[in-house]
Amino acid sequence: MPNPTIAEYLVKRLSDLGIDKVFGVPGDYAFPIDDAIEVCPTLQWVACANELNAAYAADGYARLKGAAILSTTYAVGELSALNGVMGSKAHRLPIFHLVGAPSRRITHQRLITHHTLGDGSYGNFEDLSAAACCVRALLTPDNAIEEIERVIREALRQSEPAYIVVPMDYAKMPVVGAPIIGQPIQNIKRQSSVAIELQGALHAVVSRLKAAKNPVILPSALLARYGLKNKLNEFVTKSNIPFAVAPMDKGVMDEGHPCFLGLYNGDRSSPLQTRDVVQGADLILDLGGIILEDLNTGLWSDVIPSDKIISIHDNWVQLGTKLFSSVALEDMLNGLIEHAPRFNGKTSAFKFDQLPLSGQPSDKIGSTSLYPRIQRMLRSGDVLVIETGTCMFHLASMRLPDGVSCESQTLWGSIGWATPAAFGVCMANTQGRTIIVTGDGSHQLTLNDIAAMGRYKIKPIIFVLNNGIYGIEDVLSERGHEYDNIAPANYHLIPKALGCIDWLSKRVETIKDLEETLETLKTHDQAAYIEVMIPEIESQPFPEEIINQLYKFRTPHAN
Ligand SMILES: Cc1ncc(C[n+]2csc(CCOP(=O)(O)OP(=O)(O)O)c2C)c(N)n1
Ligand SMILES: [Mg+2]
C-alpha cells in the first residue's frame, strides 16, 4: 500500500491519541487537511461559527479529553483563533492547531496571493500563531513522520498548544518513511524524571510531611491537565490531608470529599475559615504550582510564608531555597502515594454545604435567590462551565455537590469563552450534563455557536444572565458608563432563530418562573436555554479601597 499523504497521516496520527473531533472553519489552503479529516473514520469534523469559537471549543474539549485538534486556514483563519489558543496556553491545554498554507509552488515564486499583505511575504503570520504554542513545525514529505512525533511529544510534555503548518502541495504528497501508529493519551508517559533529582525531592517532601502537625494541600488544575485527577484523589484519600482549592483550580477535586476545606482565596476565601486553616497550617503542599494571580489570591491577600510552602510544579520541586529540577509531577505524586504518612486528625473543622434558599415565589430573581437554586439542581456527573463576569464570583465560592466538576477561564479571562467551550465540553462529555452560566455581555461575543450546538444535537443547559450591562465592569469601576451598556436582546428567542429543534427555551423573571423551569429540567432530556433576568442595580461598585488593591492606581505613602 502506498504511504498516506501528509494530511492523511497527520490527522490519523493525532486521532491515535484518542481525539475524535476536530473543531474548525474550512478554507482553500486548508482543503487537503479538511478533506483528510472528512474521510478519516476516527474523526468527526465539527463546524464552528468562526475560528475564535473553534479555538474555545477545542479548549473545552481538551479539558475533558486531554488534547484537541483545531483546524484553520492560512492567516485570516489562524489569526482569528489566536486569542483562543493563547488562552489554552495560559490554561495549559495541548491543542494541535493545524493550518493549511499556500503551496511551495506559489511561495517559491513569490506569487502574490489572497490572505497576504500583497508584499510577496508568507512566513510573517507563522511567528504570531506560534507565539501561542510551545512547539511548532512546518511539515514536508521528508520530515513529517519525525516532526509529528516531536510535536506531539513536546505538546504533551509541556501540556501546551502546538502549531503545525502544512503547505498545500506538500499536504497532498505521501509521507516519506515508515508511518507510526500512536498510543492513546492515557498510555503515554508525559514526562520523565532524572532519578537522583526525583529521589532527593521525594525524600525532602516526605520528611517535611512526617514532621508536620497540620499540613494542608492546595491542588492545582495542572494535575487535571496531566490526567492526574484520580491519582490526586488517591493521594488525598490515603494521606487524609485536608485540601482547599483556589478559584482557578476549582473542579480538580471532588468538593464532596471529606477532606475538602473550601475555597482558598486569601481574605475572600469561602467559607472564611478556610483562609485561617490554610494560613494556620505548618506546611502547605502546593501540588501542581498554584498561580498567584490577583483573582486567584483574593487580590493578593494570601499570606503564605515561603518556608511553609512546598511547590511541586510540572517538572520541578521547590522547598524554600532548595530546588529539584527534572522531576515529573506524576512521578512525585506516585512517590507520595507510596511514601507519605497518614494524618489522623479530623480534617474539616467546620460545616458548610448549601447556600440558604431565599425569596418568595412572586419576587423578582436576584443573585441571592438564583445561585442557591443552581446549586441544588446540580447532580453527580455534571460539568459546570463558568464564564468570566459577576457569575464567576458567586459560583467559585459555592460548594459543588458530590461528583460535580467545573471549568472556568479565571487566568486568561477572555469573555465569550464559555459558550463555545461548553460546546467542546459537551462534545467530549458523554457521561453527564454540561451546564453553562454566562453573563449576557459575554454571551453576545460568541452566541452564534448556538446554531452549531443545534446542528450537532448536543444538549447543554445554558443560563444566560440578562442584566443588560457589563455588570462586573460596574463592580470594578463605577456605575453609569455608556460603554458598559450592552445592546438589548431577546435571548430566549435565539435557539429557535438559530435552528435548534426541541430546545426548552424560556425567559424567567420571578422565583416562581425559575422554580417551575428547574422542575421541568429534572426530567427534560433535551437542551435548555434559560434567560434569567437579573437587576442591573445589583452590580454596585466595590469600595475604592478594594479597587485600589486590584489596580494599584494610588501613589503609595512615602513612609
Ligand atoms: C475578550 C474580552 N473583552 C473584554 C473583556 C473585559 N471584560 C471583562 S468582564 C466584562 C463584562 C462581562 O459582562 P457580562 O458577561 O454581561 O457579565 P456580568 O458581569 O454583567 O454578569 C468585560 C467586558 C474581557 N475580559 N475579555
Ligand atoms: Mg451582563
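I looked up Gly 471 first: one of its backbone N or O atoms lies 2.6 Å from an oxygen atom of ligand 1. I count a polar contact as a pair of N or O atoms within 3.5 Å; within protein, one must be able to donate a hydrogen and the other to accept it, and residues adjacent in sequence count only if both atoms are side-chain atoms. Ile 469 also places a backbone N or O atom 2.9 Å from a ligand 1 oxygen, and Asp 440 brings a polar side-chain atom to 2.7 Å from an oxygen of that ligand. Taken alone, ligand 1 exposes 600 Å², of which the protein buries 78% (Shrake-Rupley areas, 1.4 Å probe; for residues, only the protein chains shown count as cover).

I noted the provenance: this is a predicted model, in which local features need pLDDT of at least 70 and side-chain atom pairs count only at pLDDT 80 or more, while totals for chains, interfaces and linings use all residues. Residues are numbered from 1 along each chain as its sequence is written, chains are lettered from A and ligands numbered from 1 in the order in which they are written, and side-chain values use heavy atoms, with hydrogens and water left out.

Next I listed the shell of ligand 1, taking residues with a heavy atom within 4 Å. It holds 15 residues, the closest being Thr 390, Asp 440, Ser 442, Gly 471 and Ile 472. Helix H17 (440–446) and helix H19 (471–476) are the elements that give two or more residues to it (helices are DSSP runs of H or I, at least four residues; strands are E, at least two; both numbered from the N terminus).

I then turned to the magnesium ion, ligand 2. Its protein donors are Asp 440 (OD), Asn 467 (OD1) and Ile 469 (O), lying 2.1 Å from it. Donors are N, O and S atoms within 2.8 Å of the metal (3.2 Å for Na, K and Ca); water is not among the atoms, so the site may look incomplete. The donor spacing in sequence is D-x26-N-x1-I. Asp 440 lies in H17 and Asn 467 in the loop between strand S17 (461–466) and H19, so this pair ties together parts 27 residues apart in sequence. Both Asp 440 and Asn 467 are buried (under 20% relative accessible area; exposed is over 50%, partly exposed in between; 1.4 Å probe, protein chains only).

Last, I checked the backbone. Ser 270 and Pro 271 are joined by a cis peptide bond, with omega about -10 degrees. Lys 457 has a positive phi near 55 degrees and is exposed at 68% relative accessibility.
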